[in-house]
Amino acid sequence: MALQKDFLWGGATAANQCEGAYLEGGRGLANVDVIPHGELRPQVMRGLYTMDRIDENQYYPALKGIDFYHHYKEDIALFAEMGFKTFRMSIAWSRIFPKGDEEEPNEEGLKFYEDVFKECKKYEIEPLVTITHFDCPMHLINTYGGWKNRKMIDFYKRLVTVLFTRYKDLVKYWITFNEINMILHLPFMGAGLHFEENEDQTQAKYVSAHHELVASAWATKIAHEINPDNMIGCMMAAGNYYPYSCMPEDVWAALGKDRENMMFIDVQARGYYPNYALKFFEREGIHFDISDEDREILKNHTVDFISFSYYSSRCITTQEGVGETIGNAFKGTKNPYLKSSEWGWQIDPLGLRITMNTLYDRYQKPLFIVENGLGANDVLLEEEIDGYRVSDDYRISYLKEHIKAFKAAVEEDGVDLLGFTPWGCIDLVSASTGEMAKRYGFIYVDRHNDGSGTMQRYKKKSFYWYKDVIASNGEKL
Ligand code: BG6
């Protein structure tokens, strides 16, 4: 069994990392705008340092991004040249509802995305739209406390109703929340959470997560009512935990860490909190109300597909003195059998196959790999060679191995996979570090860590390689 004929090859981006134009088109300020580059960034992302407005002494890379707002036609034409069947992008909530709690949406924001979707359709590219990729209007954070507040469910319902109605004929594939489990690691970035000095952070995170999970189920219900053809996905930052050793304690620890992440998808895909989660809440003294209506919505409106990002597997031990690694905000034990990227993220293609099998065994719903890739320092060549200006064989090799792994999961293990959208198909601002130097793209963007650069786009060697991969439906690697 080869990949299905209509396999959705493409690439992925997020509004906050590429759009820029943060004050144009009536857009309001969002949490993602006020996360600075530099020393303060980790504290701000974790909600431990309150940043609620633009501070002139800081540099905020998201405010300009790669200026996709003004370059989208050129960028989508390049995606089309590579043969993209799909393009994953996200909506900036504060373009549609600048403050978040208005009754009426902002027409200029709606029109912008309509134009982007139409541009995709011109090339028969299917948009795959993340409704919230880490962003939340600042007004909702400053006034209501972000997702800690149950009122957020209603604001989100209003947002999705507008989106599903307006783009009924343009968008079919939707993702409710990007990496919903990231709320546990980067709570300000993931859900607009700031913490007071003595606040119980675990409690606040799980209350907020519950609100997001209920909002996600409402979105699924509303999407299906507006258009029964809509396909709604949950999205998790995935990558199985391996026990560092075969000590039963390490195996048990790995199971626990996997459950921490899977809990979100268990709720979104099966419709209820699993017993291990209820016991965890009880043990930790975590309390939140699950109303009868919440239960009904969660139960009856589960997602259509499971999407996830995969950069690496993870590893855990109970033993002391073993080295640590921090890939994609998940701290863990360093796996001695794996190599690492320049940013210390470990590289494990087989881990993708393992993760896919785990998810498919558990949920029996189609999977969608909506992020994967290698963040690397690229060098722009002085002269073009065969049409490209960056010789990124390391990226080709990373992606090639991961494609082989997911093909094996499909062809040899029978996993149902809808598509593959590698992360940052065009260079964009790094979420974890705010750097431009951490590049993932097939297309190089002339922008740098200090904000300098012309924003000009250049093709990399991987651009032509990926084009062949798509044209051959993954046969020519
Ligand atoms: C995922 C996020 O966690 O990883 C993306 O969904 C992010 O927004 C990507 O950009 C890669 O991480 P980074 O930190 O290298 O940009």
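## A walk around the barrel

Start by selecting residues 86–90 and 126–132: these are strands S2 and S3, which pair in the parallel sense over 5 bridges. Strands here are DSSP runs (E, at least two residues) and helices likewise (H or I, at least four), numbered from the N terminus; two strands pair if DSSP finds at least two bridges between them. Click on Arg 88 and look across to S3, where Leu 128 is its bridge partner.

You are viewing a predicted model, in which local features need pLDDT of at least 70 and side-chain atom pairs count only at pLDDT 80 or more, while totals for chains, interfaces and linings use all residues. Residues are numbered from 1 along each chain as its sequence is written.

Now show the strands together: 8 of them close into a barrel, in the order S1-S2-S3-S4-S5-S7-S13-S14, with parallel pairing.

Next, select Phe 308. Leaving aside residues up to four places away in sequence, Phe 308 touches Met 235, Met 236, Ala 238, Leu 359, Ile 369 and Val 370 (contact means C-beta atoms, placed from the backbone, within 7 Å).

Finally, move to helix H11, residues 275–284. Is this helix buried or in the open? The number of buried residues among its 10 is 0, so H11 lies largely in the open. (A residue is buried if 20 or more other C-beta atoms lie within 10 Å of its own, exposed if 12 or fewer, and partly exposed in between, with C-beta atoms placed from the backbone.) Just after H11, stop at Gly 285, which takes a positive phi of about 70°.

How values were computed: Contact = placed C-beta atoms within 7 Å.
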